[in-house]
Amino acid sequence: MQCSIKGSLFDHSMRLGLADVVEKIAEGQRLSSSDALRLYECPDINFVGSLAEQVSRDKNGAVATYILNRYLNYSNVCILSCQFCAFYRREGQDGAFSYSIEELVRETTDAVEKGATEVHCVGGLHPKLPYSYYLDLVREIKERVSQVMIKAFTAVEIRHLAKRIAKKPIIEVLEDLASVGLDSLTGGGAEIFDPVIRRKICAGKETADEWIEVHRLWHSLGKKSTATMLFGHVESLNHRIDHLSRLRDLQDETKGFCAFIPFAFEPENTKLGNIKKATGIDFLKTIAVSRLFLDNFDHITAYWISSGMAIAELALNFGADDLHGTIEKEKIFHMAGAKTPAGQTVTRLQKTIENAGKIPIRRDTYYRKLDYCFL
Ligand code: SF4
């Protein structure tokens, strides 16, 4: 798709030595990894943001979406201890929790009564919850709150179910979950794909290839998921670009990702507490470079839980076209020390989008618009 780059950006690109990159963008050509690195390293963040925003508007117009959703963390009991994670507990440890299906259905009912169209459900790798718990969880929610969409489980949870709990092939676990009504996998657990970085931040977790394989298999069933990246810890810009590149390759193959959601590492209560949190500028650049590099992704989400609302609002003019959701009860980032609220009102989300000069439209789990749009 060709892009309508303004003349002033072309002029400016010459001064910045990026004319060839801008020409590629204007002609709808794919950017290389070295193009992405040059954009990341460009000192003029507004220039990179303007380019990304132009691409975003060509794809999605002046609309920015949001979703009414609620996070349901069914359990934080986990057999792993990823260095970046403040959410997990061992079984019986102070602060460990596991909810019954009845409690989770009640939460879902309450959320839907307040307008939610999605529940987002992830947890730790529980050593004892039986396979039937996961299937019943999805089935019960779908049967009793049929209008809600369920986005649940990271790739590592799926592998845990397949290898340790159900002891059956991953594809069969995915088919089982699809048959009881799972709408979307979550994108969590991708972190940074590079194996050296994974050893430093989440030793023992699945490899990049294993994460990719779970999503590939899910997409092969005609199902959707999102993709994420956890940045701002021990990785370099090249590691981020390698991560984006692997996602872009899989999207070429399956077209199963609805959106890309980058978020910054929250160091406070983790084993990596000495690391300084990524700056707002880093967040905005990551949004912008992602928008420019991931040419086969329709949507880029500004995850306000990670960035805060002020930076998320700016991100809506740096290539993002989605503000994620009301969320309501986020635990994972907050147990790691996030200072953002655990949820937002619809009014606040709409206002933030309007302040960014865009038109707020409610979406569903697959990023389909739910409100009529006159554009
Ligand atoms: S990130 Fe997930 S897999 Fe890793 S320790 Fe935390 S809950 Fe467990």
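Reader: Take Glu-191: does it count as buried or exposed, and why?

Author: First, a caution: this is a predicted model. Burial is judged by counting neighbours, and a residue is buried if 20 or more other C-beta atoms lie within 10 Å of its own. Glu-191 counts as buried because it has 25 C-beta neighbours inside 10 Å. Glu-191 sits in the loop between strand 5 (184-185) and helix 9 (195-202).

Reader: Which residues does Glu-191 touch, not counting residues up to four places away in sequence?

Author: Leaving out those sequence neighbours shows which contacts come from the fold. For Glu-191 they are Arg-198, Ile-201, Cys-202 and Leu-230.

Reader: Where does Phe-84 lie, and with what is it in contact once neighbours within four places in sequence are left aside?

Author: Phe-84 belongs to the loop between strand 2 (69-73) and helix 5 (101-113). Its contacts, with those neighbours left aside, are Ile-201, Cys-202, Leu-230, His-233, Phe-265, Thr-270 and Leu-272. Phe-84 has 20 C-beta neighbours inside 10 Å and therefore counts as buried.

Reader: Which cysteines does the UniProt annotation "binding site" cover?

Author: According to the unreviewed UniProt entry, the annotation covers Cys-78, Cys-82 and Cys-85. Cys-82 is in the loop between strand 2 and helix 5, and Cys-85 is placed in the loop between strand 2 and helix 5. Cys-82 counts as buried because 23 C-beta neighbours lie inside 10 Å. Cys-85 is buried, with 22 other C-beta atoms within 10 Å. Beyond its neighbours within four places in sequence, Cys-82 is in contact with Ile-201, Cys-202 and Lys-205.

Reader: Which residues surround the ligand?

Author: To read a ligand site, list the shell and then sort it by class. The shell consists of Cys-78, Leu-80, Ser-81, Cys-82, Cys-85, Phe-87, Tyr-88, Gly-124, Leu-125, Val-156, Cys-202 and Lys-205. By class, 9 of the shell residues are nonpolar, 2 are polar and 1 is charged.

Reader: Val-156 is part of that shell. How many residues of helix 7 are buried?

Author: An α-helix has 3.6 residues a turn, so residues three or four places apart point the same way. Helix 7 (residues 155-165) is mostly covered, with 9 of its 11 residues buried. Among them are Val-156, Glu-157, Arg-159 and His-160. The buried residues pack against strand 3 (118-122), helix 6 (131-144), helix 8 (170-180) and helix 10 (208-220). After helix 7 comes Lys-167, which has a positive phi near 55°.

Reader: Which domains does the assignment give, and how many residues of each are in contact?

Author: The assignment gives domain 1 (7-50) and domain 2 (58-362). Between them, 11 residues of domain 1 are in contact with 16 residues of domain 2. On the domain 1 side, helix 3 (33-41) and helix 4 (45-60) each supply at least two residues. Helix 3 gives the most, with 5 residues. That side has 8 nonpolar, 2 polar and 1 charged residues.

Reader: How many residues does the largest nonpolar core have?

Author: In soluble globular proteins, nonpolar side chains tend to be buried together. Here the largest nonpolar core has 115 residues, and Leu-292 and Ala-315 have the most contacts inside it. The core draws at least three residues from each of domain 1 and domain 2. Not counting residues up to four places away in sequence, Leu-292 touches Ile-25, Leu-31, Leu-39, Leu-51, Ala-52 and Val-55.

How values were computed. Residues numbered from 1 in each chain as written. Predicted model: local features only at pLDDT ≥ 70, side-chain atom pairs only at ≥ 80, totals over all residues. Near = placed C-beta within 6 Å. Nonpolar A, V, L, I, M, F, W, Y, C, P; charged D, E, K, R; others polar. Buried ≥ 20, exposed ≤ 12 C-beta atoms within 10 Å, placed from the backbone. Contact = placed C-beta atoms within 7 Å. Domains from an automatic or database assignment. UniProt positions renumbered as here; feature names shortened; annotations may be inferred. Core = buried A, V, L, I, M, F, W, Y, C linked by C-beta atoms within 7 Å.
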